[in-house]
Amino acid sequence: MKGGTFRNTQWDPTLLTAQIISMQFCVYFTLGLLVFVANKLSGDNYTLDHLFEYREIHIYDLGGKLVICAFVVNAFMASLALWCIVRRAKLCLDFSCTFHVLHLLICWWYNRSFPANASWWLLNVITGTIMCIGGEFLCLQTEMKEIPVGYAALNQKSDV
């Protein structure tokens with residue numbers, strides 16, 4: 001690390017691993033809750049297929065449409081998770097891609113075949129984009145807050 005840099009840029013594998021696990025947990029937890037609500041509204045049975053079965057992403061019935069809506073709403077919730085857990089705008093793309101690559105691997109394992117459904121791919125590109133841009137926006141709002149400087153600032157508490 002160079003002297004005079006603003007942020008500590010040392011590579012901390014423990015922090016990175018903890019952040020990845022926390023993001024996975026938070027995003028899947030909220031997605032599970034949203035899909036549960038979607039299934040209750042549509043009268044479908046709640047199974048893991050709605051989270052990991054790529055053939056469940058369709059617009060043919062109300063259940064499929066609500067599952068798609070749950071994924072999109074969850075992308076906004078994931079933006080909040082990025083803001084709370086990662087807190088760095090320049091890392092939002094990395095964590096968004098990490099989540100979606102791990103989701104691809106889990107879906108591949110769960111289905112025993114590579115996702116070949118165009119709607120699954122389109123949904124994941126859209127949700128990854130929403131997650132990344134939303135997280136960057138929220139993190140930038142925090143990073144761009146004014147830092148109080150001067151004598152008066154020494155006597156005030158700052159929440160930066």
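Biologist: Which residues line the largest cavity?

Modeller: This is a predicted model. The lining of the largest cavity consists of V27, L31, F71, N74, A75, A78, F99, H100, H103, N124, T127 and M131.

Biologist: What makes this space a cavity rather than a pocket?

Modeller: A cavity is a space where a 1.4 Å probe fits but cannot get out, whereas a pocket is open. By this rule there is one cavity of 30 Å³ or more. The largest cavity holds about 100 Å³ of space.

Biologist: Which helices supply the lining of the largest cavity, with at least two residues each?

Modeller: They are α1 (13-42), α3, α4 (92-111) and α5 (118-143). The biggest share comes from α3, which gives four residues.

Biologist: How do the lining residues divide into nonpolar, polar and charged?

Modeller: Seven are nonpolar, five are polar and none is charged. Val and Phe, for example, count as nonpolar, while Asp, Glu, Lys and Arg count as charged.

Biologist: Now to another residue. Where is E53 found?

Modeller: E53 sits in the loop between α2 (49-52) and α3 (62-86).

Biologist: Why is E53 called buried?

Modeller: Its relative accessibility is 14%. Buried means under 20%, so E53 counts as buried.

Biologist: What makes the link between the side chains of E53 and R55 a polar contact?

Modeller: The distance is 2.5 Å. The cut-off for a pair of N or O atoms is 3.5 Å, so the pair falls within it.

Biologist: Which residues does E53 touch, leaving out those up to four places away in sequence?

Modeller: E53 touches L48, Y110 and N111.

Technical notes
Residues numbered from 1 in each chain as written. Predicted model: local features only at pLDDT ≥ 70, side-chain atom pairs only at ≥ 80, totals over all residues. Heavy atoms only, no water. Buried < 20%, exposed > 50% of the residue type's maximum accessible area, 1.4 Å probe, protein only. Polar contact = N/O pair within 3.5 Å; in protein donor to acceptor, adjacent residues only side chain to side chain. Contact = heavy atoms within 4.5 Å. 1 Å grid on protein atoms, 1.4 Å probe; cavity = no way out; pocket = protein on both sides within 12 Å on 5 of 7 lines; lining within 4 Å. Points joined across faces, edges and corners; volume = space filled by probe spheres on them.
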